[in-house]
Number of protein chains: 2
Amino acid sequence: MARIVHVDDLDDPRLADYLHLRDVQMRLAHESEHGIYLAEGEKVVRRAHEAGHEAASFLMAPRWLDGLRDVLDASDAPCFVMSEKDVERVTGFHVHRGALSAVRRPAPADVDDVLAAARRVVVLEDLVDHTNVGAIFRVAAALGFDAVLLSPRCADPFYRRAVKVAMGAVFSVPHARVDDWYGTPALLSRHGFTTYAMTLADDAVSLEDVGDVPERLALVVGSEGPGLTEHWQRSSDVRVTIPMAAGIDSLNVATSVAVACWHLR
Amino acid sequence: MARIVHVDDLDDPRLADYLHLRDVQMRLAHESEHGIYLAEGEKVVRRAHEAGHEAASFLMAPRWLDGLRDVLDASDAPCFVMSEKDVERVTGFHVHRGALSAVRRPAPADVDDVLAAARRVVVLEDLVDHTNVGAIFRVAAALGFDAVLLSPRCADPFYRRAVKVAMGAVFSVPHARVDDWYGTPALLSRHGFTTYAMTLADDAVSLEDVGDVPERLALVVGSEGPGLTEHWQRSSDVRVTIPMAAGIDSLNVATSVAVACWHLR
């Protein structure tokens, strides 16, 4: 059972995992050094637990204790309890739905293992926005894609904001980060995947005209600003575009993935 | 030509339109009282201008002046110039892509006029998240929907965050706010629209099975948490659901609209 620890001192060193929640750089440095991620909100804290992830600690105002009683009962980690106001002071942040948990990051999955078990993969090249990464996990989970591959520089799916937007789908959808990004198109081929590269290029195939969906499909999308790199556009089996109304330059990347996942389901 | 006004005093009363950018309640009160909205970022400032909206003023660091020269040349409004740091101090906010403009809100459109001119309408009931409202305008514009109807309590499409996420689509997609929300299903019928209500209900028609798309279509979505009210579910012609993988409870509302707009295009 989690030890309930009432904390009055905002500078208590045991709260180190909960500082600077608005500062992405500091968080990523702290989290990678300490091997944790942050689950925010009662539902996400619960889903992290249900996914078998181990809490390092919890932080919440008293009124959230009851709702999470079973999760706390199943854990040996300390549960720091403060007023809502103090939680906000520590985190620098108004925490929606009160509860937080610092959770031990699971060991990274092996790329070959993930690909061997998957039939529909979303491949993310250098996305910078954690909201987009989280949204894509949620879409993938809902629309029957069963894995996500991340480029070396793609935003972290275990960053608080991504975890929250994904509603826990980063726990359930297998994913792996690739080291050799240049060699990834060939890797996907070796695993039997046909790669569809999403692009705005005029000469790409319209999503409406792609025809029969291959047995194993990798849907590849590029960074929010520049889109997919030339290397990937050249190395993919099919370049696909979503036809849009005149004068509209693009859809958000997560929206594009949703439309494509739906169409190719 | 806009008057360039260098401002050193952070308390200069002429900056009143640019204060408290992070405080939604204060902004909405200020903006409705003063009849302005806030365009953020070079591209959005330009699109507001291209849409024929009149700037009340601009605020930017010197390095953005050149890129917006033609927009400034076409305006009589003052352009307040400060260092990036001071802009951040005034707004309480790191302004991405530097330039801001307080823009006069256009007169609200008449609901009957908007409906008479439209064939595909998205109807939003009580959405609370400005990001979702902006994303839905962007999706509607890209995927061939030609109007948006808003419930009385739906989040403001001219709120800064909505304008930004929409990438200016709130300027180009005709929209109107309805007074008599209870009577809106009947209003849509009178205008010849068939209403599709998006729901998670088990007994709704799968989006895959809706068949031929009606000549005039209103796609209705409800609030982020509770979804569409009973009244709308009962009053709509068809209740439609997006089939999802087992164990996934829902898609984000903007994502759902994207999938439905694509499927029904």
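**The A–B interface and a helix pair in chain B**

In this predicted model, 26 residues of chain A are in contact with 26 residues of chain B. Between them, the two chains bury about 2,100 Å², of which 59% lies on carbon and sulfur atoms. On the side of chain A, Arg138(A), Ala142(A) and Trp262(A) account for 30% of the area buried against chain B, more than any other three residues.

Charged pairs also take part in this interface. The rule finds two salt bridges across the interface of chain A and chain B. In a salt bridge between Arg265(B) and Glu208(A), the closest N and O atoms are 2.6 Å apart.

The description now turns to a helix pair within chain B. Helix H6 of chain B, residues 130-142, packs with helix H11 of chain B, residues 253-263, at an angle of about 15 degrees, and their axes are 9 Å apart. Because angles under 35 degrees count as roughly parallel, H6(B) is roughly parallel to H11(B). The crossing in which H6(B) passes H11(B) is right-handed.

From H6(B), the residues that make the contact are Asn132(B), Ala135(B), Ile136(B) and Val139(B). They meet Val253(B), Ala254(B), Val257(B), Ala258(B) and Cys261(B) of H11(B). Sorted by class, the contact of H6(B) with H11(B) comprises eight nonpolar residues and one polar residue, with no charged residues.

Technical notes. Residues are numbered from 1 along each chain as its sequence is written. Chains are lettered from A and ligands numbered from 1 in the order in which they are written. This is a predicted model: local features need pLDDT of at least 70, side-chain atom pairs count only at pLDDT 80 or more; totals for chains, interfaces and linings use all residues. Side-chain values use heavy atoms; hydrogens and water are left out. Axes are lines fitted to C-alpha atoms, for helices over the stretch in contact, and angles run from 0 to 180 degrees between N-to-C directions. Helices (H or I, at least four residues) and strands (E, at least two) are DSSP runs, numbered from the N terminus. Angles under 35 degrees count as roughly parallel, over 145 as roughly antiparallel, 65 to 115 as roughly perpendicular and the rest as oblique. A crossing is left-handed if the near helix is turned anticlockwise from the far one by less than a right angle, and right-handed if clockwise. Contact means heavy atoms within 4.5 Å. Ala, Val, Leu, Ile, Met, Phe, Trp, Tyr, Cys and Pro count as nonpolar, Asp, Glu, Lys and Arg as charged, and the others, Gly among them, as polar. Buried area is the accessible area (1.4 Å probe) that two parts lose on being put together, summed over both. A salt bridge is a side-chain nitrogen of Lys or Arg within 4 Å of a carboxyl oxygen of Asp or Glu.
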